[in-house]
Amino acid sequence: HNKEKTFLVWVNEEDQLRIISMEKGGDVLGVFKRLAKGISAVGDSVKAECGKDFCLDEKYGYVHSCPTNLGTGMRASVHIDLPGWTKEGVDKLKARCEELALQPRGTRGESGGQTGHTYDISNKH
């Protein structure tokens, strides 16, 4: 990871390779630019080391060990306070997110649960 811990690379965790760019605040473009630059740097490093590119399947997209990440392999998420949806109930939030091709998660990850009224909202692959 970098000094600010806004860019990280995990190897052989849930996915074979997870490249993460994150920061507090609303600079989504900055986070995305850092991610794109990092993906390019990691890809160049892998290519230089072993002569291979990231595995891309025409049907399934980028292949990872976690099936929920097939496709682009990109999960973009925001942590957002939704007190009204907490009041309405998580089932209603899930239904609304489904309509928008999004998925709500707790701030503790996919199976870690939700705390307070802050949710992790992300794209669906």
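**Contacts, core and surface**

A: Start with C97. Beyond its neighbours within four places in sequence, C97 is in contact with L102, Q103, P104 and I121. Keep in mind that this is a predicted model.

Q: Which residues make up the largest nonpolar core?

A: That core has 5 residues: L82, L93, C97, Y119 and I121.

Q: Step back a bit. How many helices and strands does the protein chain have?

A: There are 3 helices and 7 strands. In sequence order the pattern is β-β-α-β-β-β-α-α-β-β.

Q: And how much of the protein chain is buried?

A: Buried residues are 20% of the 125 in the chain. The accessible surface is about 9000 Å², and carbon and sulfur atoms hold 55% of that.

Q: What share of the contacts links residues 24 or more positions apart?

A: It is 43%, counting contacts with a separation of 6 or more.

Q: Now α1. How many residues, and how far does it reach?

A: Helix α1 spans residues 28–50, which is 23 residues. From first C-alpha to last it reaches 33 Å, close to the 33 Å expected.

Q: Which residues of α1 are buried?

A: V31, L35, G38, V42 and G43.

Q: What do the buried residues of α1 pack against?

A: They pack against two strands, β1 (7–11) and β2 (17–21).

Q: What comes just after α1?

A: G51 does, with a positive phi of about 75 degrees.

Q: Switching to charges. How many salt bridges in the whole structure?

A: A search finds 5. One of them joins the side chains of R34 and E23, at 3.0 Å from N to O.

Q: Where do R34 and E23 sit?

A: R34 is in helix α1, and E23 is in the loop between β2 and α1.

Q: How exposed are R34 and E23?

A: R34 is partly exposed, at 22% relative accessible area. E23 is also partly exposed, at 34%. The cut-off for buried is under 20%, so R34 at 22% is not counted as buried.

Q: What does K47 pair with?

A: K47 meets D53 in a salt bridge, 3.4 Å from N to O. K47 is partly exposed, with 39% relative accessible area. D53 counts as exposed, at 58%.

Q: And what about E88?

A: The E88 side chain meets that of K92 in a salt bridge, again N to O, at 3.4 Å. E88 is partly exposed, with a relative accessible area of 45%.

Q: Last topic. Which residues form the nonpolar patch on the surface?

A: I39, F54, L56 and Y62 form it. Together they have about 350 Å² of accessible area.

Q: Where is F54 found?

A: F54 is in the loop between α1 and β3 (56–57).

Q: Is F54 buried, exposed or in between?

A: F54 is partly exposed, with a relative accessible area of 33%.

Definitions and conventions
Residues numbered from 1 in each chain as written. Predicted model: local features only at pLDDT ≥ 70, side-chain atom pairs only at ≥ 80, totals over all residues. Heavy atoms only, no water. Helix = DSSP H or I, 4+ residues; strand = E, 2+ residues; numbered from the N terminus. Expected span 1.5 Å × (residues − 1). Buried < 20%, exposed > 50% of the residue type's maximum accessible area, 1.4 Å probe, protein only. Contact = heavy atoms within 4.5 Å. Core = buried A, V, L, I, M, F, W, Y, C linked by side-chain atoms within 4.5 Å. Salt bridge = Lys/Arg side-chain N within 4 Å of Asp/Glu carboxyl O. Areas by Shrake-Rupley, 256 points an atom, 1.4 Å probe, with all protein chains shown as cover. Patch = residues over 30% accessible without salt bridge, like charges linked within 9 Å, V, L, I, M, F, W, Y side chains within 5 Å.
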